[in-house]
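Please walk through the structure shown below, residue by residue and then helix by helix.

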Amino acid sequence: GIGFALAKACRVSYKMHVVLSDIRVNALLDAVGRMRSEVVESDVDLRVESFLCDVVEYEEVERLLEFTQNCFPECYIQFLGANAGVMLPETSVLTGTAEAWEFVHRVNVLGVVHVLRAFVPLMNAQSVRSIVEVTSSAFGVVPGMRGPYGSSKLAALGVAEAVYYELKILQAVHGIEQTNIGFVALCPTTVNADIIGSTLEVVGNRLHTMAPKILRNDGRPPEHEKLRELISRGMHPDLCAEEVFQHAAKGQFYCILDNDVQRDGFAVGVDRMMKARAQAMLARDVPPPLPTHKGPWGRRKLNLKELRGGVAVVTGAAAGIGFALGKECVAAGMHVVLSDVRLEKLEEAVLALQSSSGKLRVEGFRCDVTRIEDVRALLEFTQAAFQDTPIQFVGANAGVLLPRVTVFTGTTQEWEYTYRVNVLGAVNVLQVFLPRLAMQSERSILEVTASGFGVVPGLRGGSVGVAEAAFYELKRAPSNPLDRISLVVMSPAVVNTNIIQSSVECSPGLSSDPAPGDAASQLQVDTFKKVIASGMPPEVCAKAVFRHAQQGQFYCIQDNDPVRDGFSAGTDPMVKARMEAILARGTPPV
């Protein structure tokens, strides 16, 4: 695939020694044999070495670096390809198991973090120029890619942008005009590589725990063969490798590659789709239609009076946006179930909301959204407590924030904790509650709390992509549940909450202090401490959710108001600047 093509280009075109790395023993040995057999006389002194490495284990990536240095003690490392990736195409928001989501995330996102964390500091200290390549996917920057693959590739691009910015911060701190590293984020559409086969090889006997909930009678996932056929007509991996080096030579970060009609027989239209997605965000509209969609598209407005007498369920509701959503649900005439993992704070929140709820009931239920068993229990509790009453608002709001975490110093524990709450938690809530809402005849709202920093460059996207994927899955459903469900993704900039403190409380052993010696970590911590107290009130976010649902708007992006908060985060300009940079194949905007 792409990894072998990159290694081949390094050796043949740019005369570098090569260390091939993979988790699959036989595939790795075969790749080394093929590369060594293709040697020409001028390359006879160029060595090809191999190292078995699982990128989800940071210690193994550190050993890969040590092995490389021992093999080539007199050489600089001048190319790094963070390319390892997996795909489970049948896995979607509504059908994917937690095991499948975590597996894809650990390889596609955490693997990238580990490789960059281990290698980039060394390469940045070298006196020679070098290239760092991160393999993402165009399906991470366009709407509609189902499940963990699209979400993880969006996050991988965010990680690449983040490390780009972190080096910019280091340059500013140390007064360095220019880094010696050229970054390239490779985002191709369909590539003729057997990523499905290699994924199944890595998964092995764990496949039964990752299989989607809906399979054909013969046991094959419904989209498996169709996607394999499309992949077989994709662009050649060698083309991707060639474009990486061309983009590096021109100083271009974003290497977005579409299929070519003449060469491949089809084109995805990636530029048009990226532009449409950004325009939908800026217009606070619904995600744009896919090229294959037939039938009506657009907003479905909601009369908020239809929610009266229903039940609202909100996660992460002991404080902040979650509690504000609970208050807004009461104001809309709904009974409320508040949920949080912090029992004492939850009980205080329930008592506080009960004091102003009148005849409307307010209940509490402790729930850890990272455990789908807990989320199922939350649904069962709600149904038992409010029999024969429809659930008409669900807020997938639980979230954590660790501003100290950077690509260079963030630990595996910190990255996985953030993912499990912010992404897997949202997936679990959607999986459990969406089918229930779809069965009802009553109108309802499903809200996903993301962040304005999930739609601007450099801050690692997550639940925005999950919400978009859920939107498209519901659009494809035969019963068209979006006629009854208003899906809103809340993406505020800075909100005045205690999210940093609560994040540490929920996971003992983690710290809110900056990582020692990391300028980017120090800057992030200092910035959040400075501005979070001046952030928008959580009530502004809650009211905006209902206002957007009323108007049929999906993207609820809220910037800070200079008059109210004393500053603006400039969310809209950054969304627009990022889109323009991607379309121009430029570098991440300042």
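Pro237 is buried, because its relative accessible area is 7% and the limit for that class is under 20%. In this predicted model, Pro237 belongs to helix H9, which covers residues 237–250. Setting aside residues up to four places away in sequence, Pro237 touches Gly1, Ile2, Ala5, Val191 and Asn192.

Apart from neighbours within four places in sequence, Val540 is in contact with Gln558 and Arg564. Val540 and Ile321 are separated by 219 residues in sequence and by 8.9 Å in space, C-alpha to C-alpha.

Arg206 gives another pair of separations. Arg206 sits in the loop that joins helix H6 (195–203) to helix H7 (207–210). With a relative accessible area of 37%, Arg206 is partly exposed. From Arg206 to Val394 there are 188 residues in sequence, and the C-alpha to C-alpha separation is 32 Å.

Next comes backbone geometry. Most residues other than glycine have a negative phi. Asp388 is not a glycine, although its phi is positive, at about 65°. Asp388 is placed in the loop between helix H14 (372–385) and strand S10 (391–396). Is Asp388 buried or exposed? Its relative accessibility is 82%, so Asp388 counts as exposed, the threshold being over 50%.

Arg585 also has a positive phi, here about 55°, and is not a glycine. Arg585 is found in the segment after H21. At 16% relative accessibility, Arg585 counts as buried.

The helix that precedes this segment leads to the helix pair. Two packed helices are described by the angle between their axes and the distance between the axes. For H11 (270–282) and H21 (571–583), the axes come within 10 Å and cross at roughly 175°. Angles over 145 degrees count as roughly antiparallel, and H11 and H21 are therefore roughly antiparallel to each other. On the H11 side, the contact is made by Asp271, Met274, Lys275, Ala278, Met281 and Leu282. On the H21 side, the contributors are Asp572, Val575, Lys576, Met579, Ile582 and Leu583. Sorted by class, this contact of H11 with H21 has eight nonpolar and four charged residues, with no polar ones.

Rolling a probe the size of a water molecule over the atoms shows where empty space is left. How many cavities of 30 Å³ or more does the structure hold? There are five cavities of that volume or above. The largest cavity contains about 140 Å³ of space. Its lining consists of Val141, Met274, Arg277, Ala278, Met281, Val455, Val575, Arg578, Met579 and Ile582. H11 and H21 each supply at least two residues of this lining. Met274, Ala278 and Met281 of H11 are among the residues that make the helix contact, and Met274, Ala278 and Met281 are also among those lining the largest cavity. On H21, Val575, Met579 and Ile582 are likewise among the contact residues and among the lining residues. By class, the lining of the largest cavity has eight nonpolar residues, two charged residues and no polar residues.

Technical notes. Residues are numbered from 1 along each chain as its sequence is written. This is a predicted model: local features need pLDDT of at least 70, side-chain atom pairs count only at pLDDT 80 or more; totals for chains, interfaces and linings use all residues. Side-chain values use heavy atoms; hydrogens and water are left out. On a 1 Å grid over the protein atoms alone, a cavity is a set of points where a 1.4 Å probe fits but cannot get out, and a pocket is an open set with protein on both sides within 12 Å along at least five of seven lines; lining residues have an atom within 4 Å of a point. Grid points are joined across faces, edges and corners, and a volume is the space filled by probe spheres set on the points. Helices (H or I, at least four residues) and strands (E, at least two) are DSSP runs, numbered from the N terminus. Ala, Val, Leu, Ile, Met, Phe, Trp, Tyr, Cys and Pro count as nonpolar, Asp, Glu, Lys and Arg as charged, and the others, Gly among them, as polar. Axes are lines fitted to C-alpha atoms, for helices over the stretch in contact, and angles run from 0 to 180 degrees between N-to-C directions. Angles under 35 degrees count as roughly parallel, over 145 as roughly antiparallel, 65 to 115 as roughly perpendicular and the rest as oblique. Contact means heavy atoms within 4.5 Å. Buried means under 20% relative accessible area, exposed over 50%, partly exposed in between (1.4 Å probe, protein chains only).
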